[in-house]
Amino acid sequence: MTLQSVLEDIQKRPGTGDLIPIIDPVSEEQIGEFTDCGPEFVDEAVARAKSSFEAGVWSGMPGRERAKILWRIADLIDEHAADFAAIDSANTGMMKRQSELVVPTCAEFFRYYAGWCSKINGTAYDIRTSGIASDAYVDQHGYTLREPYGVVGLIFPWNGPIFNACAKIAPALAAGCSSLVKPAEETPLSALLLDRLIHEAGVPEGVINLITGYGHTAGAAITAHPDVEKVAFTGSTEVGKEIVKASAGNLKKVMLELGGKSPVLIFDDADLDKAIFGAAMGIFIHSGQGCVCGSRIFVQRGVYEQVVEGIAGVANFMKYGGPEEEGVMSGPLISAKQLGRVLSFIDEGRSDGVEIVAGGYRLDRKGYFVHPTVLTNVDPGMRLYQQEIFGPVVSILPFDTEDEAVAMANDTSYGLAATAWTTNVSRAHRIVKRLQAGSVQVNCQLVFDHDLPFGGYKQSGWGQEFGREGLDAYLKNKSIIVQL
């Protein structure tokens with residue numbers, strides 16, 4: 001299924017709402033369009049999902065059989081790896097090497113959760129309690145069941161289309177849920193190919209239901225629907241709060257992976273060559289469009305100037321361009337809207353007296369490109385310091401002591417990720433306990449493993465994805481007591 005075929009396919013999808021353009025962020029040209037599905041289509045999809053769940057065509061299938069199908073999905077993703085990479089590169093503008101590296105990780109999500117399908121078990125308990133009518137002890141048998149939630153809504157963003165889709169669909173399928181799958185309106189294309197392969201692998205009709213449309217229409221209809229028992233959302237904190245409000249109608253459970261303003265701490269004993277390059281790539285890769293990107297860098301004063309100069313050097317060295325261009329290290333921002341947002345933060349900082357050491361402007365070429373930007377003389381009260389920019393913009397501030405560095409790092413409403421660069425092992429272990437973030441990495445950045453849970457503290461989210469915790473997110477616990 002090539003890019004052209006998915007563009008043709010999405011035009012044929014039913015809808016009653018607005019026509020939504022698909023824009024290539026490298027050329028700024030429209031490459032396709034589709035119709036917002038509308039609330040009626042969401043209602044129909046929910047009904048299909050509910051019917052499939054109640055019929056047990058998937059939820060009632062033995063775990064070992066679900067596992068075989070998930071493994072088959074993984075194999076099909078591998079077979080179509082080149083198609084996925086080409087589609088996501090064209091839709092997001094990400095460099096081809098990056099999209100190619102993502103696809104095997106996506107296949108592995110299904111293999112990893114295939115292994116859990118046959119291990120969804122409860123726990124047994126021997127209970128002795130006094131009876132209601134007498135003081136005599138009675139024997140009872142207690143046990144728990146782990147059951148799928150039922151109909152769940154899976155809503156994911158534009159910054160990693162196929163990765164985010166697989167990260168949610170694989171555990172939801174492993175748990176036995178029936179799902180509504182909604183990609184971002186900017187990047188719906190790879191979800192169409194994935195949907196086709198999921199059904200080709202043997203997932204019954206009605207278990208996975210693709211929804212295409214705007215967040216404020218299709219997404220809102222999913223989150224407010226009374227027959228949707230849970231919503232798993234990845235995106236901005238602002239939208240996450242709206243989802244929480246919408247879920248109040250039936251008190252549906254919500255899992256949120258939201259924004260970040262991730263701190264990076266560089267101590268004077270760090271391997272500075274590795275720290276400088278790692279911290280630079282940790283914010284400039286994918287044009288900073290990652291929730292875990294390290295957008296606030298704190299450097300011990302003795303090496304501060306060296307680190308600022310080094311990161312600015314990487315910023316000026318990096319080549320931004322489209323997936324077909326040679327030597328490219330990162331791609332464009334996703335849209336004209338996002339371009340305007342990033343530039344507005346930079347312009348506001350310039351007006352407030354921030355020093356722009358590198359970048360600070362749009363590249364003089366077609367496409368939504370912003371030169372990697374390094375800022376110093378940043379006041380912690382500034383909007384660009386406190387809010388998530390989601391662009392290749394980093395603030396670098398000095399610190400003197402470990403306590404000061406930790407306090408500065410934790411001075412944020414977010415708590416998604418953090419990094420410490422130091423060769424002092426004792427300090428590293430002290431730091432990871434003190435940093436208020438759901439994921440902390442030492443002497444590395446942007447590292448991921450399927451087995452490790454991922455989620456945020458504070459306003460960076462509720463719940464965790466990946467690992468066993470990612471499966472548990474789609475399961476309910478039921479306690480049973482039987483009188484013997």
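I started with the domain boundary: 22 residues of domain 1 are in contact with 28 residues of domain 2. This is a predicted model, so I keep that in mind for everything below. The assignment I used gives domain 1 as 3-258 + 460-483 and domain 2 as 263-442. I took the centres over C-alpha atoms and got 32 Å between domain 1 and domain 2.

**Entry: the second largest pocket**

Where does the second largest pocket lie? Domain 1 and domain 2 both give residues to its lining, so it lies between them. I noted about 160 Å³ of space for this pocket.

I then listed the lining of the second largest pocket: Ile20, Pro21, Ile23, Glu185, Glu186, Tyr214, Ile334, Ser335, Ala336 and Tyr368. Strand E1 (residues 19-24) supplies the largest share of that lining, with three residues. By type, I sorted the lining into seven nonpolar, one polar and two charged residues.

**Entry: Glu257**

Next I looked up the annotated position. The unreviewed UniProt entry carries an "active site" annotation that covers Glu257. In the model, Glu257 sits in strand E9 (residues 253-257). Is Glu257 buried or exposed? I have Glu257 down as buried, because its relative accessible area is 6%, under the 20% cut-off.

For the contacts of Glu257 I skipped residues up to four places away in sequence. What remains is Phe233, Thr234, Gly235, Cys291, Leu416, Phe454, Ser460 and Glu465.

I found Pro157 in the loop between strand E5 (151-155) and helix H6 (161-175). Pro157 counts as buried, at 14% relative accessibility. With residues up to four places away left out, Pro157 touches Asn164, Ala184, Thr187 and Thr234. I had already written down Thr234 as a contact of Glu257.

How far apart in space are Pro157 and Glu147? They are ten residues apart in sequence, and I get 28 Å from C-alpha to C-alpha.

Ser190 came next, and I placed it in helix H7 (residues 189-201). Ser190 is buried, with a relative accessible area of 1%. I again left out residues up to four places away in sequence, and Ser190 then touches Phe84, Ile87, Asp88, Pro161 and Ile162.

I checked backbone angles here. Phe390 has a phi near 60 degrees, a positive value in a residue other than glycine. Phe390 is in the loop between helix H13 (383-386) and strand E14 (393-399). At 16% relative accessibility, I count Phe390 as buried.

Gly391 lies in the loop between H13 and E14 too. I have Gly391 as buried, with a relative accessible area of 3%. Which residues does Gly391 contact, leaving aside neighbours within four places in sequence? I listed Ile283, Ser287, Gly288, Leu333 and Val342. I also looked at Gly391 and Pro372, which are 19 residues apart along the chain, and their C-alpha atoms are separated by 8.4 Å.

Phe466 is in the loop between strand E17 (461-462) and helix H16 (467-472). I noted Phe466 as buried, with a relative accessible area of 6%.

Pro453 is in the loop between strand E16 (439-442) and E17. Why did I not file Pro453 as buried? Its relative accessibility is 28%, so it counts as partly exposed, since buried means under 20%.

I then took the contacts of Pro453, leaving aside its neighbours within four places in sequence: Gln464, Glu465, Phe466 and Glu469. Last, I checked the distance from Pro453 to Glu469: the two are 16 residues apart in sequence and 6.1 Å apart in space, C-alpha to C-alpha.

Definitions and conventions. Residues are numbered from 1 along each chain as its sequence is written. This is a predicted model: local features need pLDDT of at least 70, side-chain atom pairs count only at pLDDT 80 or more; totals for chains, interfaces and linings use all residues. Side-chain values use heavy atoms; hydrogens and water are left out. UniProt positions are given in the numbering used here, feature names are shortened, and annotations may be inferred rather than shown by experiment. Helices (H or I, at least four residues) and strands (E, at least two) are DSSP runs, numbered from the N terminus. Buried means under 20% relative accessible area, exposed over 50%, partly exposed in between (1.4 Å probe, protein chains only). Contact means heavy atoms within 4.5 Å. On a 1 Å grid over the protein atoms alone, a cavity is a set of points where a 1.4 Å probe fits but cannot get out, and a pocket is an open set with protein on both sides within 12 Å along at least five of seven lines; lining residues have an atom within 4 Å of a point. Grid points are joined across faces, edges and corners, and a volume is the space filled by probe spheres set on the points. Ala, Val, Leu, Ile, Met, Phe, Trp, Tyr, Cys and Pro count as nonpolar, Asp, Glu, Lys and Arg as charged, and the others, Gly among them, as polar. Domain bounds come from an automatic or database domain assignment.
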